[in-house]
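Please open the structure in a viewer and keep the selection tool at hand.

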Amino acid sequence: MNFKKLLWVALLGLSIHQNAFAERMLIDKVVATVNDGVVLQSEVDQIIARVKEQAKQQNTELPSDQTLRIQAIDRLVDQTLMLQLAGRMGMEISDAQLDQTLASIAAEQGGTIADLRKTIEAGGENFQEYREQIRKEITIGQVRRVNVDRRVYISPREIGNLQKILAEQTGSAEEFDLGHILVKIPSKATPEEIEDARTRANKVIEFLNEGKEFKRIAIASSSGPKALEGGQLGWMSINEMPSLFAEAVKGKKKDEIIGPVRSGAGFHILKVQDIRGRQVVETTEVRSRHILIKPSIILSEEKAKEMLAGFAKDLRDGKADFAELAKEHSEDPGSALKGGEYDWTDPTTYVPAFRDTLMSLEMNEISEPFRSSFGWHIVQLLGKRVADKTEQAKLNRAHGLLYNRKFKEEAFKWQSEIREQAHIDIFAAE
């Protein structure tokens, strides 16, 4: 082969490589910028594919791809903002914590992480990508909780007033399965923009009254946080809903369409998809003690786990005292000085990993080391009882209902504020 032919072959190879690279770049282009971050077309495509697969399984008709693209980009913009904030806060989810969450997800489906992986891959998804998406969701949840928690204030008077209301209700309080559509109004909207939003909201109600499928209309029209899920808010009692919704659904019947209801965010449309009663059950309480070790730059995840495994062995062999070990080593300030002990507590108030491990133990049994969002633990079950906690339960319920309502309201406001402060550019589809 002469020199000219060699040169021609080399140039041809370079051309093919450049064309392939250009094609990849074209496929995975930037569709939006969020501060110093980007949203890629591949991420949008992934969400749209997932929504289409869910719609296929549920036999739900979807709007156009263009509408799905707008909704997907909107979600990814919010996700990018939350992850950027997590980075500034130094918030990271370790592999061990992620594995604990995946194990819980798998357990809910009656299997192991290996079973979960098979299910994910059988559905055509990449398990590693699924794993990283779960990491993002945990991170976003923690960022939201940390930033919104401090905005929620509940006064003793509010709790007392709600307790009185709850006392007047029957033992089978109603819960509503709600669908939600939000026709958004821009901040500092003009009267014309408000009237335009009202007209669009009325048109949505007209479609729904004509029998159009709620989920499809929500995906196409809603600016609410659950738009891509078809506007499904799930089951809530009157007291768990935002105040605006609670007033709107009182006395309404199944399949009734409500709205448009005006708020600062825009015009809301609700559908009462179903109604059910609430059952009251007795409270199981547990008494336990634990030792918590938090991994750090100095102490690795593996070393923390090994340290606790050593403690557990010594305790089972009678070579150590649980209370003394807890006082010396536990990093839980609320229990360490009390020998790691927790008084009688409803186990549902604990984080899932702690609750599930504790409830799997026999009396006085010491667990193997396990990971929660707080760090590595060993825990011992000291007692279990069924208690009459009616008055405390009423107080806890009132506080919880108020908290859930205010958290939802404040989370929406906070998300809007974060978005307004960000520099966001969304590029039109070519």
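Select Gly110 to begin: this glycine lies just after helix H4 and takes a positive phi of about 80°. The model is a predicted one, and the values quoted on this tour are to be read accordingly.

Step back next to helix H4 itself, residues 95–108. The helix has 14 residues and reaches 20 Å from its first C-alpha to its last, close to the 20 Å expected at 1.5 Å a residue. Which residues of H4 are buried? Select Ala96, Gln97, Leu98, Leu102 and Ala106 to display them.

The next stop is a pair of helices. Two packed helices are described by the angle between their axes and the distance between the axes. Select helix H3 (residues 65–89) and helix H9 (residues 214–221), whose axes come within 8 Å and cross at roughly 65°. Because angles of 65 to 115 degrees count as roughly perpendicular, H3 is described as roughly perpendicular to H9. For the contact, show Thr67, Leu68 and Gln71 on H3, and Ala218, Ile219, Ala220 and Ser221 on H9. These contact residues divide into 4 nonpolar and 3 polar, with no charged residue among them.

The remaining stops concern the backbone. Most residues other than glycine have a negative phi, and most peptide bonds are trans.

Go to Lys188, in the loop between strand E3 (174–184) and helix H8 (191–209). Its phi is near 55°, a positive value in a residue other than glycine. Is Lys188 buried or exposed? With a relative accessible area of 84%, Lys188 is exposed, since the term applies over 50%.

Now select Asn364, which is found in the loop between helix H13 (352–359) and strand E9 (370–372). Asn364 is not a glycine, yet its phi is positive, at about 70°. Its relative accessibility is 48%, so Asn364 counts as partly exposed.

Finally, select Gly259 and Pro260 and inspect the bond between them. The peptide bond that joins these two residues is cis, with omega about -5°. Pro260 is found in strand E5, which comprises residues 257–262.

Key:
Residues are numbered from 1 along each chain as its sequence is written. This is a predicted model: local features need pLDDT of at least 70, side-chain atom pairs count only at pLDDT 80 or more; totals for chains, interfaces and linings use all residues. Side-chain values use heavy atoms; hydrogens and water are left out. Axes are lines fitted to C-alpha atoms, for helices over the stretch in contact, and angles run from 0 to 180 degrees between N-to-C directions. Helices (H or I, at least four residues) and strands (E, at least two) are DSSP runs, numbered from the N terminus. Angles under 35 degrees count as roughly parallel, over 145 as roughly antiparallel, 65 to 115 as roughly perpendicular and the rest as oblique. Contact means heavy atoms within 4.5 Å. Ala, Val, Leu, Ile, Met, Phe, Trp, Tyr, Cys and Pro count as nonpolar, Asp, Glu, Lys and Arg as charged, and the others, Gly among them, as polar. Buried means under 20% relative accessible area, exposed over 50%, partly exposed in between (1.4 Å probe, protein chains only). The expected span of a helix is 1.5 Å times one less than its number of residues.
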